[in-house]
Amino acid sequence: MKETLSKQHKILSQTADLIADSNVDFDPTTLGLEKYSTFKIVGVGKAAEALVQSIYQAYPKQIIDGLVIGHKDGMIGPNIQCFQGAHPYPNDETVAASYEVQQFVKEVAPHEHLVVCVTGGASSMFTIPPFGIELEEIQKLYALLLQSGMNIHEMNTVRKHVCDVKGGKLLEVFQGAYITTILDSDVPDHDHSTIGSGPTIVDTTSYIDAIQLLKQHEIWEEVPVCIQEHLICGVEGIIPENPKIMNAFRFMNTVHLINERDMSIASITQFLKKQGYTTWVNSEPYEGSVMAVSKKICSRAIQVLSGNDLLKKPVALIFNGECTVKVKGDGKGGRNQELALMAALSVEGQHAISLLSMDTDGIDGPTEVSGAIINSFTILEARKKKIEPERYLQNNDSYHFHKALNTHIQVGATGKNWMDVQVVLIE
């Protein structure tokens, strides 16, 4: 049994490395940019550098200028400058870089073409607080949102109404006639206006939607007063709504969606098949609470384990999506670490089953780790060490549980962002 679990751990570690190191086969020549003699480019988000880099490699002579907000400072080619943004909470450098991008877009001439690359993480990494709201108050709002249990659509509905570049507002400063938006989705249903809070996508939500969500999730009273006042002014029409469809036709905005998920899942599936596993992939990215998602994953795994499934062991189950966590404790962790802890409790027993849960961007929540690998003996080992997993779970302290059990996985920032992935190996 221990030998089997050791083998599973090795395979899951290799799977995590594959996610971190694999290059998505995105072909920039499908964008039709060759018809423009020159163009300018901007990119925002966790995967912005990789996306802009691939476009630069395809069109090195046509890109005359560019700015990127990503994971590090530097240059792409001779003309594209990269700034480091912060995630999941914007910082002073993020705001300064966001002003640079806003001004860059504003100065695009009427005859010039602009390419805008938006990837997951842009909701934090591309932020300009509205007049009268301090950065510290935005940071507090973001912390409340992340701990509230809101899904990504709900969180970004609020974010779009407390920022001067989200929710289509970047369109308002654009003076050119042609813009190409490239979206690298980290959203389960690939809604264009939700990806990176849609800086160049007209918004279908409203200020009243934002207020209702904050009240529904019982955090309105904790929101800084200046943000409450800002949202109320929006409802009353004192502050204009985000750009809507009816006033967004003074230029052509061509939108391309990159489906990085399918290409990446395919490479994981191929790898696991070579290891001798029958593979199964959830057809659509999941949504829901971390408890509901963990229950779904573990129920299917136990069904396979008990032989009450058409899949025959050894089996690899692959799940992908983004769950939500309602934080009630004061511990440290991320949704993947919490899901892994819940799963460890669910699959505890004398059988060969292991699970990897990681954020594909390499950073799970406000921690330095990517997620965790657990197995059916993890909880037994914890109890031997006098560690009570239930107490860590109740306190939302999955980070310190996995640290004590040495079950963390850490691959570093990957430059990718196609939500979270879980792989379950059953023998």
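Which residues is Phe126 in contact with, leaving aside its neighbours within four places in sequence? The views below are of a predicted model, in which local features need pLDDT of at least 70, side-chain atom pairs count only at pLDDT 80 or more, and totals for chains, interfaces and linings use all residues. Residues are numbered from 1 along each chain as its sequence is written, and side-chain values use heavy atoms, with hydrogens and water left out.

**View 1. Surroundings of Phe126.** Phe126 lies in the loop between helix 4 (122-125) and helix 5 (135-147); helices (H or I, at least four residues) and strands (E, at least two) are DSSP runs, numbered from the N terminus. Its contacts (heavy atoms within 4.5 Å) are Val44, Ile69, Thr94, Ser98, Val101, Cys163, Val165, Lys166, Leu170 and Pro199. Phe126 is buried, with a relative accessible area of 1% (buried means under 20%, 1.4 Å probe, protein chains only).

**View 2. Packing of helix 5 and helix 6 (residues 152-160).** The axes are 10 Å apart and the angle is about 165° (axes are lines fitted to C-alpha atoms over the stretch in contact; angles run from 0 to 180 degrees between N-to-C directions). Helix 5 is therefore roughly antiparallel to helix 6 (angles over 145 degrees). Leu141, Tyr142, Leu145 and Leu146 of helix 5 meet Met155, Val158 and Arg159 of helix 6.

**View 3. Strand 10 (residues 353-359) beside strand 11 (residues 371-375).** The two strands pair in the antiparallel sense over 5 bridges (pairing requires at least two bridges found by DSSP). Met358 stands opposite Gly371 of strand 11. Helix 12 (residues 335-346) packs on the sheet and touches strand 10, strand 11, strand 12 and strand 13.

Definitions and conventions: Buried < 20%, exposed > 50% of the residue type's maximum accessible area, 1.4 Å probe, protein only. Parallel < 35°, antiparallel > 145°, perpendicular 65-115°, else oblique.
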